[in-house]
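Below is a note for a colleague who has asked for a careful reading of this model, point by point.

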Amino acid sequence: MKLTTSTKPATIAVSALIALGALTACSTGEADAAARSETAATQEAAAADEAQTPSDVLASTAWETTGATDAEGDDVPLDDDDVSAFVGWAYFDADGTFTMYDLDDSPKMQGDWTVDEEGTTRHIVAKDDAGEVQFERDSDIVTLTDEEFTYRVFPEEGNTDVYYDIVHTPTDHEEPAAS
């Protein structure tokens, strides 16, 4: 069959559509492969997070106090008398020891720490330089993820209606050198 001038544009258009369809299929295949790869990476990261215990998460980074809220969810200034004692840098080591510093890098406390298996309570045992126990404290954990560590404090013993949530986020602040 011989193509006439009037059929050539139609043939060219059909050929172009076929080529475009083939390119789209290839492009879609590459996009699907990329999406599958990204999904697999996300699932692997999620599995790695699931494999971490709450203690692993707490020890995975240094933490900086970046906020506080009251029982109504309102922001509380970090220099407020009810929260200022909890503000600073915190370093929880995987060996179960911790050090904390004020934001001016002055030492605040040191000692031992644990988090229960469910990740609902952090226990600290503050010790002086000689290793003598100064105090122990349990704190309810509100949030413990790679992105946030928030615990709750109750300023009045036995009164759970009044509390403050102390919010920490990861920091790359180097732990101050021992003085």
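1. Thr-114 has His-123 of β5 standing opposite. This position belongs to the antiparallel pairing of strand β4 (residues 107-115) with strand β5 (residues 121-127), which runs over 6 bridges; two strands are taken to pair if DSSP finds at least two bridges between them, and strands themselves are DSSP runs of E with at least two residues, just as helices are runs of H or I with at least four, both numbered from the N terminus. Elsewhere along this pairing, Gln-110 faces Lys-127 of β5, and the hairpin of β4 and β5, with 5 residues between the strands, includes Gly-119 at a positive phi near 75°.

2. On the basis of the work: this is a predicted model, in which local features need pLDDT of at least 70 and side-chain atom pairs count only at pLDDT 80 or more, whereas totals for chains, interfaces and linings use all residues. Residues are numbered from 1 along each chain as its sequence is written, and side-chain values use heavy atoms, with hydrogens and water left out.

3. As to the overall fold, the chain holds 2 helices and 8 strands, and its elements follow the order α-α-β-β-β-β-β-β-β-β from the N terminus on. The strands form a closed barrel of 8, running β1-β2-β3-β4-β5-β6-β7-β8 with antiparallel pairing. Within this sheet, neighbouring strands are turned against each other by 35° on average, direction ignored, where the axes are lines fitted to C-alpha atoms and angles run from 0 to 180 degrees between N-to-C directions.

4. Strand β3 (residues 97-101) is mostly covered, since 4 of its 5 residues are buried, a term that stands for under 20% relative accessible area, with exposed set at over 50% and partly exposed in between (1.4 Å probe, protein chains only). On one side β3 is joined by 4 bridges to strand β2 (residues 89-92), the two running antiparallel, and here Ala-90 has Met-100 as its bridge partner.

5. In the hairpin of β2 and β3, which has 4 residues between the strands, Gly-96 takes a positive phi near 90°; Gly-96 counts as buried because its relative accessibility is 15%. Beyond four places in sequence, Gly-96 touches Gly-111, Asp-112 and Trp-113, contact being defined as heavy atoms within 4.5 Å, and the C-alpha atom of Gly-96 is separated by 8.8 Å from that of Ser-55, 41 residues apart along the chain.

6. In the loop between β3 and β4 lies Asp-105, whose phi near 75° is a positive value in a residue other than glycine. Most residues other than glycine have a negative phi. Asp-105 is classed as partly exposed because its relative accessible area is 31%, and the hairpin of β3 and β4 has 5 residues between the strands.

7. Is His-168 buried or exposed? With 3% relative accessibility, His-168 counts as buried, and it is found in strand β8 (residues 164-171). Its side chain makes a polar contact of 3.1 Å with the side chain of Thr-65 and also reaches the backbone oxygen of Ile-166 at 3.5 Å; a polar contact is a pair of N or O atoms within 3.5 Å, where within protein one must be able to donate a hydrogen and the other to accept it, and residues adjacent in sequence count only if both atoms are side-chain atoms. Residues touched by His-168, leaving out those up to four places away in sequence, include Trp-63, Phe-86, Glu-147 and Phe-149.

8. The largest nonpolar core has 23 residues, and among those with the most contacts inside it are Phe-92, Trp-113, Phe-149 and Ile-166; such a core is a set of buried Ala, Val, Leu, Ile, Met, Phe, Trp, Tyr and Cys residues joined through side-chain atoms within 4.5 Å.

9. For the chain as a whole, 27% of the 179 residues count as buried. Of the contacts with a separation of 6 or more, 39% come from residues 24 or more positions apart.
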